[in-house]
Amino acid sequence: MDREHGGGPRTLKAIPELTRPMTRVAIIGTGHVGLATAIAFAQWGHEVVGADVSEKIVGDLRAGKTTHYEPGLPDALGRSLATGRLSFTTDVEGAALPADVVFVCVGTPPKKDGSIDLSQVRKAAGTVGLVMRSAPGYKVVTVKSTVLPGTTGGVVQPALERASGKKGGTDFGLAVNPEFLREGSAVNDALHPDRIVIGAIDERSLRAVEAIYVSVQAPTMATNLRTAEMIKYATNAFLATKVSFANEFANICDTFGGINVDDVIEGIGLDPRINPKFMKAGLGFGGSCFPKDVQAIAAAAHSRRYPSRILTAVLSLNEVQPLRAVRLAETALVSLRGRRVAILGLSFKGGSDDIRESRAVPLARALLRKGAKVVGYDPVVRDEFQKAVPRVEVANDLSTALEAADLCIVHNDWPQWRELKGADFQGMRRKIVIDGRRILNRQALNGVRLIVLGG
Ligand code: UDX
C-alpha cells in the first residue's frame, strides 16, 4: 500500500543519521534519461553504474562517446567518468547487486492503440527481483521511466515480489522519481532540476531517494507512488496544452490579420495568474514525450469511462497544426503541384537530432500529397528523415536546400535560423519564406516575401 507523505514542497536538508554521503546507484537503461541522470548522480558524489542491454551503447559510453546528439553531453560524460564514480556495463544483474538504489530508466514507447509498452519495465523489474532473491540487504527500486498511475504499485511491485520472493515496503523499498529533462538541455536539467518529485511506498524509501539529491537546491515534493506518476503526466499534458493554446491563438490571429501572437502572449503574461513561458506558437509539438504522454493519459482516462475533452482537443489541434503551413503555402503559390518546397529543420525541435513525432514528417507528407517536390535540411538530421519520408530529398547544406526552391518553410527552432539574412535565400527561384516557428529576424530578410504564422 502506498503511504501518503504529507505536505507540499520542501527543501531537503541532510539528516546525518538517515542519509549516507554516498549512495551506490544502479541505472537500468542508458538512453536520453538514464545517461543524463547517471552523469548528474556521479557528479554529486554517488557511485553509479549504468547498465544497458546494448553492447554497442555500453562500449561507446565507456570510451566517453555519446550515442545520441545532446549539447554538452560528451563533456559532461567525460567529467563524470573522470571522477571514477561512473561506469557502464551490459551486466544488469551485476550492476543491481551492490546497489542501494536501482533506478529503472528504460523506455516506455507508445503502442499502436496509444497505450504504452511496459515490456522493458517488466523485464527490468524481473531482473532486479531475481538479484534481490539472493542478495542480502535492502534496496530501493525507483521508477524514473514514465508510467501510468498505478503501474509501479500494480505492475512493478508484483513483478519484483514474484521474482525475489520478498515483500515491497518490508524487504525492499519502492519509489517513483519522474524526470523532467528536455532534449537539448538534458544535462543542465539533470544537474539543476527545478523540482524533485518523489513518490514513495514508505518513509525509508523516501529517505533513500532524497539522500541522492541532498546536495541539490530545489523544492522537493514527497508523495505517494500514484501521485508522483500522475504529476509527470499532468506536467506534460499542461505544457502541451500551453503550446496548443498558443498555436490556436496564432491561427485565430491570422484569421483577423494585423496581430502578432507573441505580443498577445506577452500581454496575457502581464496577468500574474498567467505564466507566458512555453507559449511560443509553431507547427505543433513533437518529441518522445508530449504526444505519447498526452495520448496515453487520455486513453487511460477514456478506458476508465472519462473521455477527456481538453486533452483530445490538444491532440487534435496538434495533428492539423503542420497543415497551417501548407495552407499558407497554397495561399502564396496558388498550387503546390510541381513546386519545389524546402523545409528548414527536420528534428522535432532545435538542439536535437530526434525526429520522433517531428511535425516535419506530416508537413513533408502533406506537401508531397499536394504534388510538391520537397527538399529538407537540418543542421544534424539526415538519413533518419530520409528513411521516415523516402520521397523527400535531404540536402547536405542550406544553400543546396534552397537552390531553385519556390518556397521555404521554417519548421523548428534551431538558433541558427535566427541569423539568416535575405542573402541566404538568394538561390531560391521565388523568395517566399513561411516562418512556421516565428524565429526569423524579420529586419534582416531584405528581398524576401516573409509570411509568419501568427502574424
Ligand atoms: C519534454 C518536457 O519539457 C520534459 O520536461 C519531459 O521530460 C520530456 O518532454 P522535450 O520533448 O525535450 O521535453 O521538448 P520540449 O522543449 O518540452 O518541447 C516539446 C515540443 O513542444 C517541441 O516540439 C517544441 O518545439 C514544442 N514547443 C515547446 C513549442 O511549440 N512551443 C513552446 O513554447 C515550447
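Student: Why does Phe-290 count as buried?

Tutor: This is a predicted model, in which local features need pLDDT of at least 70, side-chain atom pairs count only at pLDDT 80 or more, and totals for chains, interfaces and linings use all residues. Residues are numbered from 1 along each chain as its sequence is written, and side-chain values use heavy atoms, with hydrogens and water left out. Buried means under 20% relative accessible area, exposed over 50%, and partly exposed in between (1.4 Å probe, protein chains only). Phe-290 has 12% relative accessibility, so it is buried.

Student: What makes Phe-278 partly exposed?

Tutor: The relative accessible area of Phe-278 is 39%, and therefore it is partly exposed.

Student: Why is the pair of Phe-41 and Trp-44 called tilted?

Tutor: Rings of Phe, Tyr and Trp (its six-membered ring) pair if their centres lie within 6.5 Å; planes under 30 degrees apart are stacked, over 60 edge-to-face, and the rest tilted. The centres of Phe-41 and Trp-44 are 5.7 Å apart and the planes stand at 40°, so this pair is tilted. Both residues, Phe-41 and Trp-44, are buried.

Student: What kind of aromatic pair do Phe-278 and Phe-290 form?

Tutor: Phe-278 and Phe-290 are edge-to-face, with 5.9 Å centre to centre and 65° between the planes.

Student: Why is helix α14 described as largely enclosed by the rest of the structure?

Tutor: Helices (H or I, at least four residues) and strands (E, at least two) are DSSP runs, numbered from the N terminus. In α14 (residues 360–369), seven of the 10 residues are buried, so the helix is largely enclosed. Among the buried residues are Val-361, Leu-363 and Leu-367.
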